[in-house]
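Thanks for coming, everyone. Let me put the structure up on the screen and then walk you through it.

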Amino acid sequence: MAEKAAKQQVITYVPPPERQLKKHKRRKIHKVTQAKRRRIALLYRRDKKNELIKRFFKYKKYFKKLFDARRRAKKIARLKGNFHVQAEPKIAFVIRIRGITAMPPKPRKILQLLRLRALYNGVFVRLNKATMNMMRIVSPWITWGYPSLRAIRMLLYKRGYVKMNGHRKRITNSLIQRALRKHNIICIEDVIFQLATCGKHFREVNKFLWPFKLRAPKKGLRSMKKHFVEGGDFGNREEYISGLMLRMLGGKPLKWGKGK
């Protein structure tokens, strides 16, 4: 009986199967790798957020310095009894205000080149001799002017869409970074800066943006058959385009004279 009990107490060690050991090792390596990836992703998101914040304040400081210098130049000119003439605008925002009724073929083709294919569509245009001649031909069908920084920012945040693989998608920092990272443009503030200052990558940014689809302006238009200087709506309205843009976006009217 004693020998039988001793045999029962002996426990032989059976090593686990090799397959189970390899599986346990793979799982352990996978956990370490996943932890490293999560840590790297967290640091990347944190650095990216800090970079976006830095760029926002950098552009804010730049525009504040620009507006202060402009205001200072006006004040000095007024004290000396002169007038301060600002530099010629480099960009314009063009809005189509009439349909295709009784439209000749040439203006129709120019509107297609300007990407103004529908009523109340808007696009940014770089001002040069060629674009000025084109807008002069289609002047009865469009209104345009020089938008303010506030109007550009509100336009992008409210009605900003981009073209990705032929599809219209809402503008986001991830889409901007995917398409324009090679130009060092990674956020909406970079896009606003390029549009407001006509930067060296204005063409790429403008091509990336889908034409803005606006609604009919609040309180309507006055007369589409008269020029703006005659009490109508078509043609060049200079800085007053910002007020029309905000009316078509549902924003508050601007106070002309502050320049922001």
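**A first look**

Okay, in the protein chain, 68% of the contacts with a separation of 6 or more are between residues 24 or more positions apart, and contact here means heavy atoms within 4.5 Å. Before I go on: this is a predicted model, where local features need pLDDT of at least 70 and side-chain atom pairs count only at pLDDT 80 or more, while totals for chains, interfaces and linings use all residues. Residues are numbered from 1 along each chain as its sequence is written, and side-chain values use heavy atoms, with hydrogens and water left out.

The protein chain has nine helices and seven strands. Those are DSSP runs numbered from the N terminus, with helices being H or I of at least four residues and strands being E of at least two. Of the 260 residues in the protein chain, 35% are buried; buried means under 20% relative accessible area, exposed means over 50%, and partly exposed is in between, with a 1.4 Å probe and protein chains only.

**Helix H5 and its partners**

Let's start with H5, residues 149-159, and H7, residues 188-197: they pack at an angle of about 135°, and their axes are 10 Å apart. For axes, think of lines fitted to C-alpha atoms, for helices over the stretch in contact, with angles running from 0 to 180 degrees between N-to-C directions. So H5 and H7 are oblique to each other. The cut-offs go like this: under 35 degrees is roughly parallel, over 145 roughly antiparallel, 65 to 115 roughly perpendicular, and the rest oblique.

Who meets whom in H5 and H7? On the H5 side we have Leu149, Ile152, Arg153, Leu156 and Tyr157, and they meet Ile188, Glu189, Val191, Ile192, Leu195 and Ala196 in H7. By class, the residues of that contact of H5 with H7 are nine nonpolar, no polar and two charged. Nonpolar covers Ala, Val, Leu, Ile, Met, Phe, Trp, Tyr, Cys and Pro; charged covers Asp, Glu, Lys and Arg; the others, Gly among them, are polar.

H5 also meets helix H9, residues 241-249: their axes come within 10 Å and cross at roughly 25°. That makes H5 roughly parallel to H9. From H5, Arg150, Ala151, Met154, Leu155, Lys158 and Arg159 meet Ser242, Met245, Leu246, Met248 and Leu249 in H9. The contact of H5 with H9 has seven nonpolar, one polar and three charged residues.

Most residues other than glycine have a negative phi. Ala102 is not a glycine, yet has a positive phi of about 55°. You'll find Ala102 in the loop between strand E1 (91-96) and helix H3 (105-113). Is Ala102 buried or exposed? Ala102 is exposed, at 74% relative accessibility.

Tyr120 has a positive phi too, about 65°, and is not a glycine either. Tyr120 sits in the loop between H3 and strand E2 (121-126), and is buried, with a relative accessible area of 17%.

Next up is Asn206, in helix H8, residues 202-208. Asn206 is buried at 14% relative accessibility. Leaving aside neighbours within four places in sequence, Asn206 is in contact with Arg115 and Phe124.

Last, the cysteines. The structure holds zero disulfides, a disulfide being a pair of cysteine sulfur atoms within 2.5 Å. Cys187 is buried at 3% relative accessible area, and Cys198 counts as buried at 12%.
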